[in-house]
Amino acid sequence: MDGKKRFNEFRKLYPAITQRMLTLQLRELEKGGIVHREIYKEIPPKVEYSLTGFGRSLEPIILLMKDWGETHKNRIISARTVEKEEI
């Protein structure tokens, strides 16, 4: 939400996501009109992703989900830890 991002910036922000899954998610968001993909004709090619106006309309919802996640972070981590121990 804070401006344009390149693919590798997403990888650094979310190291747990695989390259394939990130690619699929970005393509789906682009197809849905939420994300704009800008390709610059350079060598090597430069690609940037940004939210469209339609995507920006989701900001209040995303921020609420972020707040919820921060509020319940410890509970979520505990549940994941228990799940890993059961496996």
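How accessible is lysine 66: buried, exposed or partly exposed? Lysine 66 is partly exposed, with a relative accessible area of 47%; buried means under 20%, exposed over 50% and partly exposed in between, with a 1.4 Å probe and protein chains only. The views below come from a predicted model, in which local features need pLDDT of at least 70, side-chain atom pairs count only at pLDDT 80 or more, and totals for chains, interfaces and linings use all residues. Residues are numbered from 1 along each chain as its sequence is written, and side-chain values use heavy atoms, with hydrogens and water left out.

**View 1. Salt bridge of lysine 66 and glutamate 70.** The closest N and O atoms of this pair are 3.4 Å apart. A salt bridge is a side-chain nitrogen of Lys or Arg within 4 Å of a carboxyl oxygen of Asp or Glu. Both residues lie in helix H4 (residues 59-71), four residues apart, about one turn of the helix. Helices (H or I, at least four residues) and strands (E, at least two) are DSSP runs, numbered from the N terminus.

**View 2. Surroundings of lysine 46.** Lysine 46 forms a salt bridge with glutamate 48, with 3.6 Å between the closest N and O atoms. Lysine 46 is partly exposed at 21% relative accessibility, while glutamate 48 is buried at 12%. Lysine 46 also lies over the face of tyrosine 40, 4.9 Å from the ring centre; for this, NZ of Lys or CZ of Arg must be within 6 Å of the ring centre and within 35 degrees of the ring normal.

**View 3. The aromatic pair of phenylalanine 10 and tyrosine 49.** One aromatic pair is found in a search of the whole structure. Its ring centres are 6.2 Å apart and its planes stand at 65°, so the pair is edge-to-face. Rings of Phe, Tyr and Trp (its six-membered ring) pair if their centres lie within 6.5 Å; planes under 30 degrees apart count as stacked, over 60 as edge-to-face and the rest as tilted. Phenylalanine 10 lies in helix H1 (residues 7-13) and tyrosine 49 in strand E3 (residues 46-51), so the pair ties together parts 39 residues apart in sequence. Phenylalanine 10 is buried, at 17%, and tyrosine 49 is buried, at 9%.

View 4. Most peptide bonds are trans. Proline 44 is in the loop between strand E2 (35-40) and E3.
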